[in-house]
Amino acid sequence: MDPLAGLLDGPRARGAFLLKSVMTPPWSLRIEDEAPLTVMAQVRGESWVVPDHGDAVRLGTGDLAIARGPDPYLVADDPATPPQAMILPGQECLTPDGRHLTELSDLGVRTWGSDPDGPVVLLTGTYPLEGEISRRLLNALPPLLVVRDEDWENPLVPLLAGEIVKDSPGQEAVLDRVLDLLLVAALRTWFDRPGASAPAWYRAHGDPVVGRALKLLQHKPSEPWTVASLAAETGVSRAAFARRFAAAVGETPMAYLASWRLALAADLLRQHPDLTIGAVARQVGYGSSFALSTAFKREHGISPQGYRTGAA
């Protein structure tokens, strides 16, 4: 599991909040939900995303934006339109002066807005992410990024727009998976664009030697890996492998492995309160709960049990 997959498989990654907004100008929403990650897909018309700190960005039909929280921002027909609603944590919706909102209403399954035939249709997916693996990816993202319609060919936005209004059995699972695919495809397009400042671990996956080693470390963290065994698996000498890995990733193979194991351990402690510390240690490659506890406390400044208690 690489950090891109970890974004979707980490604690509470499932069950994103999905909504279709249908609006007629003027309209403006102040987003203060503190969500770690929000995907916005412009199906029809145009919208503006206005961060509190940063330039306003226009979304045209087919464009997609990803906002990294928790900082608030405005989504509106025009940057100058005053907010008519505030979206708070838990998706609570109020007027700017704290009253119950009446200007916008329920228009159907996962659909709301000011006009069922409005010229603006925007899909929003909010991820309630937690976890150390997903944080590695979130830290590599700007507060707001946009993938333009002309920069990719992707059928997932029309698919999501068609599925979001259905209320069939298993529909939540369908929507989760379509949104996940859309998010991963958008992030790949963003990282792969010319001149992109993609994180080192992402670029390193393109190296046939280092990429192979990263997959081994990420998918089999419990193995007793050494520089020598990784070099043997990738078909190069120990010295050549160590140099190549450090140059591509920015740290030694063993330093990366230690950090990865501890991130996995932190997420397991959050996700699985029924697992003992010893079981977590074995899953991530530590020989005992004591060994994990020593390394974990050095990394996080708290014991695994203390971390689990705080997360709960």
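Two strands are taken to pair if DSSP finds at least two bridges between them. The close-up views below are drawn from a predicted model.

View 1. The strands follow the order β5-β4-β7-β2-β8-β9, and their pairing is mixed. At the edges lie β5 (57-59) and β9 (92-94), each of which pairs on one side only. From one strand to the next, the twist averages 20 degrees.

**View 2. Strand β2 between β7 and β8.** Strand β2 (residues 28-31) runs antiparallel to strand β7 (residues 73-76), and four bridges join the two. With strand β8 (residues 85-88), β2 pairs in the parallel sense over three bridges. Strands of a sheet pair through backbone hydrogen bonds, in either a parallel or an antiparallel manner.

**View 3. Residue L29 and the two faces of β2.** In β7, the residue opposite L29 is V75; in β8, the bridge partner of L29 is A85. Both faces of β2 are covered, with S28 and R30 buried on one side and L29 and I31 buried on the other.

View 4. E132 is located in helix α2, which spans residues 132-138. The relative accessible area of E132 is 18%, and this residue is therefore classed as buried, the cut-off being under 20%. The side chains of E132 and R135 are joined by a polar contact of 2.4 Å. Beyond its neighbours within four places in sequence, E132 is in contact with A263, A266, D267, H300 and Y307.

How values were computed:
Residues numbered from 1 in each chain as written. Predicted model: local features only at pLDDT ≥ 70, side-chain atom pairs only at ≥ 80, totals over all residues. Heavy atoms only, no water. Buried < 20%, exposed > 50% of the residue type's maximum accessible area, 1.4 Å probe, protein only. Polar contact = N/O pair within 3.5 Å; in protein donor to acceptor, adjacent residues only side chain to side chain. Contact = heavy atoms within 4.5 Å. Axes fitted to C-alpha atoms, helices over the stretch in contact; angles between N-to-C directions.
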